[in-house]
Amino acid sequence: NVTGNLTNGNKYLSAPTDFLSVYSLAVIKPNGEYLYLLNKDVNWIREAYPNPTSKALPKHYAIFGPDYSAPRELTFLLGPTPNLAYAMELHYYFYPESIVDAASGNTWLSENFDSTLLYGSIREAYIFLKGEPDMIAAVDKMYGEAMALLKQLGDAKDRQDAYRSGLVRYPVK
(Lines give C-alpha, C1' and ligand atoms only; values in the text may rest on other atoms or scores of the structure.)
Protein backbone atom coordinates (compact mmCIF):
# COMPACT_ATOMS: atom_id res chain seq x y z
CA ASN A 1 0.00 0.00 0.00
CA VAL A 2 1.02 3.59 -0.53
CA THR A 3 -0.18 6.89 0.82
CA GLY A 4 -0.05 10.28 -0.81
CA ASN A 5 -1.94 13.47 -1.40
CA LEU A 6 -4.40 14.55 -4.03
CA THR A 7 -3.98 18.02 -5.50
CA ASN A 8 -6.79 20.57 -5.28
CA GLY A 9 -8.21 20.96 -8.80
CA ASN A 10 -6.29 18.04 -10.35
CA LYS A 11 -8.53 15.14 -11.36
CA TYR A 12 -5.58 12.85 -12.21
CA LEU A 13 -3.51 10.73 -9.84
CA SER A 14 -0.44 8.81 -11.02
CA ALA A 15 -0.28 5.09 -10.30
CA PRO A 16 2.88 3.66 -8.73
CA THR A 17 5.46 2.44 -11.27
CA ASP A 18 5.06 -1.19 -10.14
CA PHE A 19 1.23 -1.03 -10.22
CA LEU A 20 -0.61 -4.12 -11.48
CA SER A 21 -4.17 -3.82 -10.14
CA VAL A 22 -6.24 -2.10 -7.45
CA TYR A 23 -7.35 -3.68 -4.22
CA SER A 24 -8.82 -0.45 -2.82
CA LEU A 25 -8.42 3.30 -3.18
CA ALA A 26 -9.50 5.58 -0.35
CA VAL A 27 -9.60 9.31 0.25
CA ILE A 28 -8.87 10.30 3.83
CA LYS A 29 -11.08 13.20 4.90
CA PRO A 30 -9.60 15.98 7.09
CA ASN A 31 -11.26 14.37 10.16
CA GLY A 32 -9.40 11.08 9.46
CA GLU A 33 -12.44 9.21 8.09
CA TYR A 34 -11.76 6.92 5.12
CA LEU A 35 -14.00 7.15 2.06
CA TYR A 36 -13.44 4.20 -0.27
CA LEU A 37 -13.84 5.24 -3.89
CA LEU A 38 -15.90 3.18 -6.33
CA ASN A 39 -14.31 1.89 -9.52
CA LYS A 40 -16.00 3.15 -12.68
CA ASP A 41 -15.22 3.33 -16.38
CA VAL A 42 -13.45 6.42 -17.73
CA ASN A 43 -16.45 7.21 -19.96
CA TRP A 44 -18.80 6.96 -16.97
CA ILE A 45 -16.76 9.49 -14.99
CA ARG A 46 -16.55 11.88 -17.94
CA GLU A 47 -20.33 11.65 -18.38
CA ALA A 48 -21.16 11.95 -14.66
CA TYR A 49 -18.71 14.84 -14.10
CA PRO A 50 -18.54 16.67 -17.46
CA ASN A 51 -17.20 19.92 -16.00
CA PRO A 52 -13.65 19.33 -14.67
CA THR A 53 -13.68 22.72 -12.91
CA SER A 54 -16.60 21.59 -10.74
CA LYS A 55 -14.87 20.39 -7.55
CA ALA A 56 -15.96 18.26 -4.57
CA LEU A 57 -14.88 15.27 -2.50
CA PRO A 58 -14.02 12.46 -4.99
CA LYS A 59 -16.33 9.43 -4.88
CA HIS A 60 -15.27 7.47 -7.97
CA TYR A 61 -12.13 6.55 -9.85
CA ALA A 62 -11.22 4.97 -13.17
CA ILE A 63 -7.96 3.55 -14.41
CA PHE A 64 -6.81 5.74 -17.26
CA GLY A 65 -4.20 4.49 -19.72
CA PRO A 66 -1.90 2.87 -20.52
CA ASP A 67 0.21 5.01 -22.74
CA TYR A 68 1.52 2.79 -25.55
CA SER A 69 5.04 4.18 -25.15
CA ALA A 70 5.03 3.21 -21.45
CA PRO A 71 2.47 0.39 -20.89
CA ARG A 72 3.00 0.26 -17.13
CA GLU A 73 2.34 3.97 -16.64
CA LEU A 74 -1.28 4.20 -15.60
CA THR A 75 -3.22 7.12 -14.14
CA PHE A 76 -6.33 7.26 -11.99
CA LEU A 77 -9.09 9.61 -13.14
CA LEU A 78 -11.08 10.94 -10.18
CA GLY A 79 -14.68 12.05 -10.15
CA PRO A 80 -15.45 14.69 -9.16
CA THR A 81 -12.26 16.77 -9.27
CA PRO A 82 -10.84 17.13 -5.71
CA ASN A 83 -11.74 20.36 -3.93
CA LEU A 84 -8.96 19.99 -1.32
CA ALA A 85 -5.52 18.40 -1.09
CA TYR A 86 -6.89 15.21 0.49
CA ALA A 87 -4.66 12.45 1.78
CA MET A 88 -5.26 9.13 0.04
CA GLU A 89 -4.33 5.50 0.50
CA LEU A 90 -3.98 2.93 -2.28
CA HIS A 91 -3.82 -0.81 -1.64
CA TYR A 92 -2.70 -2.56 -4.80
CA TYR A 93 -1.13 -5.61 -6.39
CA PHE A 94 2.24 -5.00 -7.96
CA TYR A 95 4.67 -6.42 -10.48
CA PRO A 96 7.60 -8.15 -8.77
CA GLU A 97 11.04 -6.73 -9.45
CA SER A 98 12.07 -10.03 -11.02
CA ILE A 99 10.64 -13.50 -11.36
CA VAL A 100 13.87 -14.79 -9.80
CA ASP A 101 14.71 -14.08 -6.16
CA ALA A 102 18.25 -12.74 -6.22
CA ALA A 103 19.15 -14.23 -2.81
CA SER A 104 18.00 -17.80 -3.45
CA GLY A 105 17.92 -18.02 -7.25
CA ASN A 106 14.40 -19.45 -7.07
CA THR A 107 11.24 -18.25 -8.77
CA TRP A 108 7.81 -17.72 -7.24
CA LEU A 109 6.45 -20.36 -9.62
CA SER A 110 9.08 -22.94 -8.61
CA GLU A 111 8.38 -22.32 -4.92
CA ASN A 112 4.55 -22.27 -5.05
CA PHE A 113 3.38 -24.10 -8.19
CA ASP A 114 6.24 -26.38 -9.18
CA SER A 115 3.87 -28.78 -10.96
CA THR A 116 2.86 -26.04 -13.40
CA LEU A 117 6.50 -25.30 -14.14
CA LEU A 118 7.36 -29.01 -14.47
CA TYR A 119 4.48 -29.99 -16.77
CA GLY A 120 4.87 -26.84 -18.85
CA SER A 121 8.57 -27.59 -19.38
CA ILE A 122 7.92 -31.25 -20.22
CA ARG A 123 5.14 -30.26 -22.62
CA GLU A 124 7.39 -27.80 -24.45
CA ALA A 125 10.23 -30.35 -24.58
CA TYR A 126 7.96 -33.09 -26.03
CA ILE A 127 6.65 -30.69 -28.66
CA PHE A 128 10.17 -29.54 -29.53
CA LEU A 129 11.42 -33.13 -29.79
CA LYS A 130 8.33 -34.11 -31.83
CA GLY A 131 7.34 -36.70 -29.26
CA GLU A 132 4.51 -39.19 -29.52
CA PRO A 133 1.09 -37.48 -29.81
CA ASP A 134 -0.42 -39.58 -27.00
CA MET A 135 2.39 -38.58 -24.59
CA ILE A 136 2.03 -34.92 -25.58
CA ALA A 137 -1.72 -35.18 -24.93
CA ALA A 138 -1.15 -36.81 -21.51
CA VAL A 139 1.36 -34.17 -20.42
CA ASP A 140 -0.86 -31.43 -21.88
CA LYS A 141 -3.73 -32.70 -19.73
CA MET A 142 -1.58 -32.61 -16.57
CA TYR A 143 -0.34 -29.15 -17.51
CA GLY A 144 -3.92 -27.96 -18.03
CA GLU A 145 -4.93 -29.23 -14.58
CA ALA A 146 -1.96 -27.50 -12.94
CA MET A 147 -2.75 -24.26 -14.81
CA ALA A 148 -6.39 -24.45 -13.66
CA LEU A 149 -5.22 -24.50 -10.02
CA LEU A 150 -2.89 -21.58 -10.67
CA LYS A 151 -5.68 -19.67 -12.43
CA GLN A 152 -7.95 -20.12 -9.41
CA LEU A 153 -5.33 -18.40 -7.29
CA GLY A 154 -4.92 -15.63 -9.85
CA ASP A 155 -8.66 -15.07 -10.31
CA ALA A 156 -8.98 -14.02 -6.70
CA LYS A 157 -6.58 -11.21 -7.56
CA ASP A 158 -8.36 -10.07 -10.68
CA ARG A 159 -8.27 -6.42 -11.82
CA GLN A 160 -11.40 -5.50 -9.90
CA ASP A 161 -12.14 -3.38 -6.92
CA ALA A 162 -12.58 -5.80 -3.98
CA TYR A 163 -14.61 -3.22 -2.04
CA ARG A 164 -17.26 -3.05 -4.75
CA SER A 165 -17.08 -6.40 -6.57
CA GLY A 166 -16.04 -8.72 -3.77
CA LEU A 167 -13.63 -11.58 -4.29
CA VAL A 168 -14.06 -14.46 -6.72
CA ARG A 169 -15.67 -17.45 -5.03
CA TYR A 170 -15.81 -21.02 -6.29
CA PRO A 171 -18.60 -23.40 -5.31
CA VAL A 172 -17.64 -26.37 -3.14
CA LYS A 173 -18.33 -29.65 -4.94
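## Ground rules

Two strands count as paired if DSSP finds at least two bridges between them. The strands themselves are DSSP runs (E, at least two residues), numbered from the N terminus, as are helices (H or I, at least four). This is a predicted model, where local features need pLDDT of at least 70 and side-chain atom pairs count only at pLDDT 80 or more, while totals for chains, interfaces and linings use all residues. Residues are numbered from 1 along each chain as its sequence is written, and side-chain values use heavy atoms, with hydrogens and water left out.

## Strands 5, 7 and 8

Let's start with strand 7 (residues 60-64). It is joined to strand 8 (residues 75-79) by five bridges, and the two run antiparallel. In that pairing, Ile 63 sits opposite Phe 76 of strand 8. Strand 7 also pairs with strand 5 (residues 38-39), this time in the parallel sense and over two bridges. There, Leu 38 faces His 60 of strand 7.

Strand 1 pairs with strand 10 (residues 87-94) over four antiparallel bridges, and Val 2 stands opposite Leu 90 of strand 10.

## Glu 89

Which strand holds Glu 89? Its place is in strand 10. Glu 89 is buried, with a relative accessible area of 14% (buried means under 20%, exposed over 50%, partly exposed in between, with a 1.4 Å probe and protein chains only).

Thr 3 is 86 residues from Glu 89 in sequence, yet their C-alpha atoms are 4.4 Å apart. Leaving out residues up to four places away in sequence, Glu 89 touches Thr 3, Leu 25 and Tyr 34, among others; contact means heavy atoms within 4.5 Å.

## The nonpolar core

A nonpolar core is a set of buried Ala, Val, Leu, Ile, Met, Phe, Trp, Tyr and Cys residues joined through side-chain atoms within 4.5 Å. The largest one has 17 residues, and those with the most contacts inside it include Phe 19, Phe 76 and Leu 90. Strands 3 (19-28), 8 and 10 each give two or more residues, with strand 3 supplying the largest share, four residues.

Phe 76 touches Phe 19, Leu 25, Tyr 61 and Leu 90, among others, not counting residues up to four places away in sequence.
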